[in-house]
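Please read the points in order.

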Amino acid sequence: MQDFGDTAAATPLRIGVAGLGNVGATLVRILQKDAAELTKKLGRQIVVTAVAARSRSRDRGIDISGLDWFDDPVALAKSDGIDLFVELIGGEDGPAFAAVKAALEMGRPVVTANKALLAKHGVTLARMAEESGAQLGFEAAVAGGIPVIKTLREGLGSARIAKVYGIMNGTCNYILTRMGNEEISFAECLKDAQALGYAEADPTFDVEGFDTAHKLSILATLCFGYEIAPDKIHVEGISKITQHDIKVAADLGYKIKLLGIAQRSDDGIEQRVHPTFVPKGSAIAGVDGVMNAVALETDHVHELLLAGPGAGGPPTAASVMSDILDIARGTRVPPLGVPSEELLPFRQAPMRAHEGGYYIRLNAKDVPGALAAIATRMGERSISIDSVIQRSDLKAKDSTDDGVSTRTVVMITQKTLEADVRAALAQIRADGFIVGEPQLIRIELL
Ligand SMILES: NC(=O)c1ccc[n+]([C@@H]2O[C@H](COP(=O)([O-])OP(=O)(O)OC[C@H]3O[C@@H](n4cnc5c(N)ncnc54)[C@H](OP(=O)(O)O)[C@@H]3O)[C@@H](O)[C@H]2O)c1
């Protein structure tokens, strides 16, 4: 049995951290504060010896006086003074990519929290790591503090995954939760999220679903063994969700969540990110605020839900730490679950029919025959309407610029094909009976 008692004899693992922002500074703080405990746990000391960031003088609430400073993350990645390189700069290219590549090329293990980098270059980086014999950890890149990567790489044994879905962006979940609890608009919630530091000054990446898409593409690869394909995802964000949508959803027994969903079929992999009606009683509907959750549907263990904090310095740094500890222990697994040469070329499956159907909100002109014409167009595509809802309290009446009054009409369809719904709506628009863009939200039976 290995003796973990003689800690002084073991060589320390020297860590270089590039990026000292939210996550990087927290990581350095944890490594310094918990040094004795970590040494006891591992039988080996873990020490931060060098750091890189842009501004050397910025106060980060950590003591970096005894550490080597690098202005250039690539120079840090190659430095003789470290054994493991941690990249916490961010960005899909630029210094993050250059530095991670430099470390892997020389066989040096890397830990990163950078989902944008992984989504774009994950396969290349995994291949480099395998060729040089270096480990590549990225637990923190998906769902912050939730150990979903380790679960997929090591925890599920031979279980075959059929579907993965989840709430992977805390900003969106915070906004949708507040819209559901209080009668406030998307714009107001976004402003609060920015004031609280949950949303970036430019929130597009989060609220339009691209951040979720990056994370989903990484998860899909680990689940299904195909190459990462972030550009083969149908992506819709939450910026067009209104109080009308939220309230009708609640009336019908649903909540609206931004879900990333990837599933396997005979035709390949279907990947999509969009606002979704989820049944109020489902486990995922209970994941509110800035929390994240990832659900896995497998043949052996059936459904597994991992939930927890998806972002923030401490939870994200804790996931970075978990990769560092694995590397310190000598754990070796292919970064993407299987050796990169065994990854299949991505095969995009078409969007399939939804068991739960669709929620459609239209701003219909208040003229004779409009509703009948809309129903006819749906019928022509064999779309069965389950119910038509008009809530008089929800600004059902309005008027267009040319003075024609309109009313908001909500329809719930039965199971149908996405292509048929879109074709019917395009025809309805061309008929001139509606104003503006229709709202279309999928109902998922989870
Ligand atoms: N924040 C979260 O909750 C969270 C959650 C999951 C994953 N992540 C990922 O973790 C990574 C870091 O996120 P963060 O929130 O900590 O970012 P952040 O607060 O913006 O920090 C970025 C750090 O990188 C440094 N940096 C930027 N450009 C650099 C360059 N050219 N050379 C050297 N250093 C440079 C910055 O230096 P200065 O401080 O001197 O400007 C800063 O310390 C990102 O990939 C992010 O996607 C973050």
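1. The ligand is surrounded by 25 residues, the closest being Gly19, Gly21, Arg54, Gly90 and Ala311. A residue counts as near a molecule if its C-beta atom, placed from the backbone, lies within 6 Å of it.

2. The model is a predicted one: local features need pLDDT of at least 70, side-chain atom pairs count only at pLDDT 80 or more, and totals for chains, interfaces and linings use all residues. Residue numbers start from 1 along each chain as its sequence is written.

3. Helix 1 (residues 22-33) contributes three residues to the ligand shell, the most of any element. Helices (H or I, at least four residues) and strands (E, at least two) are DSSP runs, numbered from the N terminus.

4. Strand 1 (residues 13-18) has five of its six residues buried, so the rest of the structure largely encloses it. Buried means that 20 or more other C-beta atoms lie within 10 Å of the residue's own, with C-beta atoms placed from the backbone.

5. Strand 1 runs parallel to strand 2 (residues 46-52), joined by six bridges, and Arg14 has Val47 as its bridge partner there. Four bridges pair strand 1 with strand 4 (residues 84-87), also in the parallel sense; Val17 is partnered by Val86. Pairing requires at least two DSSP bridges between two strands.

6. Val17 and Val86 also belong, with Ile15, Leu27, Ile175, Leu219 and Val320, to the residues that touch the most other members of the 137-residue largest nonpolar core. Such a core is a set of buried Ala, Val, Leu, Ile, Met, Phe, Trp, Tyr and Cys residues joined through C-beta atoms within 7 Å.

Technical notes. A residue is buried if 20 or more other C-beta atoms lie within 10 Å of its own, exposed if 12 or fewer, and partly exposed in between; C-beta atoms are placed from the backbone.
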